[in-house]
Amino acid sequence: MTAMAKSSRPWYGRDYGLSFRMGMTMFLLFALYAAFIVVLWRLRVPRVTLVTIMILVGVSQLFLSDKIVLWTSGARLIESQQAPQLHQMMARLAQLADMPTPKLAWINHRMPNAFAIGKNPRNSVIAVTRGLVERLEPAELEAVLAHELTHIKNRDASVMSLASFFAMVASFIVQQFFFFGFAMEGNQRGGNRNSNGGQAVMVVWLASVLVWAISYVLIRTLSRYREYAADRGAAILTGHPGYLASALEKIQSGVRVIPNRDLRQAESMNAFYIFPATRENSVMEIFATHPTLEHRLHRLELMQQQMEKK
Amino acid sequence: MGLFDSLFGRTKIASGKTDALFALSTAALDIEVKLDSRYAGQAAIILRAVDNSAYDAIGREINDILALGGQDFKAKVKSHDDSMGFRWITFSGPDLDDAVTGLHMTADLIKQGGFSDSLLAAMFRFGDWYLVYSYRRGSFYPFVPTGRSTRNNAREFRIRQTVANALPTEKDPERWYPLWDPPI
């Protein structure tokens, strides 16, 4: 009886620091985008051009992203008869998290990895590779599924596409600057404002480059925080932070033995995977979509201690 | 789980809703008359095992209390850990009320310990089908397995229709989570 604390506080506590940093990053992104919009508006960027770009970006985010990811990864959906154990694991986790059970997809690749896609929990898919199922113990596999389920629960696909919407608009302006400049100058001549048209175009271009660069760092920071959050969710859903820790270690060592050629093929998928398919550690963490393995293991260890205190 | 929890990436499992379980005691007669299915003397509570010493202590306490039980409590209690990291505490005995009482006692102890989010489901066997109580949703749903990973959806819908008046039932069939190979 003495070991039992009579309280309704969840046994895992809360990570206020993570929530705060995540809120801060989202706020900075929001502020950056607001400033960008003000600049575009003040410099009288033709609305038709701007709206066209935004529609293009929005449509591609809404309708293409999921399909492209599934298509490039070579994942195909599997029915519960084909993998009863995997589906049962998924159903239990979904029931515990009070969510509809996501569909499962299989990737016939020996690199151990997994990802989740879907704009809402009802239409989401979790994909696992053959290497993941072969290499991991059931409890570790469950921890990976729980990590992906938390991504779905946190609506990470929607949050991240929302967070990168104006970054994509800015990058479109930078990349298609030649046409964009013409559109803008043409409009300004028509509007009888020819005195500083060229200057305004340059300012728009510089602003876009700046927004693109700053948002790149901010978006990746947000992405890392959301990975931490998904790790936390996996630890809570499985009740064992240790299983995710050993799963991540196995996935990293599994990625190490895969030939470089295969890794390069998988690289375009890195932002989606539970663990990026790359061996380069020289890349600074602030430009990475995922925290380093060391940092993730450290967080999980802290969680284990925090749980024990309760 | 609200919008802000999603936005800030906070995982909070809703605490288990235990009270609606008692509705089964009164609904049992309805089930017997309308569905011609009797309680088969087998029930279980399914818990997520948590890696925590306080949780282990609760587990031991549950075993002690249920084993002592007293003369009124006639159900036989067993604990079984499955391959997926879930603990099944099974109650066998002819009386449904005993099982409901035992399940409620177990859930209460876990709740008091602050682990109410580890309550997954309670399961009752009626002939060849099961009634499952989901602690997240606080509602019942039918489960009619016909094989290792197949179920009879048509019959499940009929059962839900029949018991809907007597029990709080889960309306969304997507939340009728299967529990294959139960040890009861």
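Two strands count as paired if DSSP finds at least two bridges between them. Helices (H or I, at least four residues) and strands (E, at least two) are DSSP runs, numbered from the N terminus. Everything below comes from a predicted model, in which local features need pLDDT of at least 70, side-chain atom pairs count only at pLDDT 80 or more, and totals for chains, interfaces and linings use all residues. Residues are numbered from 1 along each chain as its sequence is written, while chains are lettered from A and ligands numbered from 1 in the order in which they are written.

**View 1. Welcome to the six-stranded sheet of chain B.**
This open sheet runs in the order E2-E3-E1-E4-E5-E6, with antiparallel pairing. Its edges are strand E2 (76–81) and strand E6 (139–143) of chain B, each pairing on one side only. On average, neighbouring strands are turned by 20° against each other, direction ignored; axes here are lines fitted to C-alpha atoms, for helices over the stretch in contact, and angles run from 0 to 180 degrees between N-to-C directions.

**View 2. Strand E1 of chain B and its two partners.**
E1(B) joins E3(B) over seven antiparallel bridges, and Arg48(B) has Phe86(B) in E3(B) as its bridge partner. Towards E4(B), E1(B) forms six antiparallel bridges, with Ala43(B) partnered by Phe124(B). Seven of the 10 residues of E1(B) are buried (20 or more other C-beta atoms within 10 Å of a residue's own; exposed means 12 or fewer, partly exposed in between; C-beta atoms are placed from the backbone). Helix H4 (residues 96–112) of chain B lies across E1, E2, E3 and E4 of chain B, at about 10° to E1(B). Contact means that C-beta atoms, placed from the backbone, lie within 7 Å.

Strand E5 (residues 129–134) of chain B meets E6(B) in the antiparallel sense over five bridges. Look for Tyr130(B), which stands opposite Phe143(B) in E6(B).

**View 4**
An open sheet of four strands in chain A has the order E1-E2-E4-E3 and mixed pairing. Four antiparallel bridges link E3(A) with strand E4 (residues 125–129) of chain A, and Ala114(A) has Val128(A) as its bridge partner in E4(A). H5(A) lies across E3 and E4 of chain A, at about 25° to E3(A). Of the 16 residues of H5(A), 14 are buried. Just after this helix, Arg155(A) takes a positive phi of about 50°.

**View 3. Where chain A touches chain B.**
The contact takes 48 residues from chain A and 41 residues from chain B. On the chain A side, H3(A) supplies the largest share, 10 residues.

**View 4. The largest nonpolar core.**
A nonpolar core is a set of buried Ala, Val, Leu, Ile, Met, Phe, Trp, Tyr and Cys residues joined through C-beta atoms within 7 Å. The largest has 115 residues, and Leu93(A), Met123(B) and Val132(B) have the most contacts inside it. H9(A) gives the most to this core, with 10 residues.

Notes: Two residues are in contact if their C-beta atoms, placed from the backbone, lie within 7 Å.
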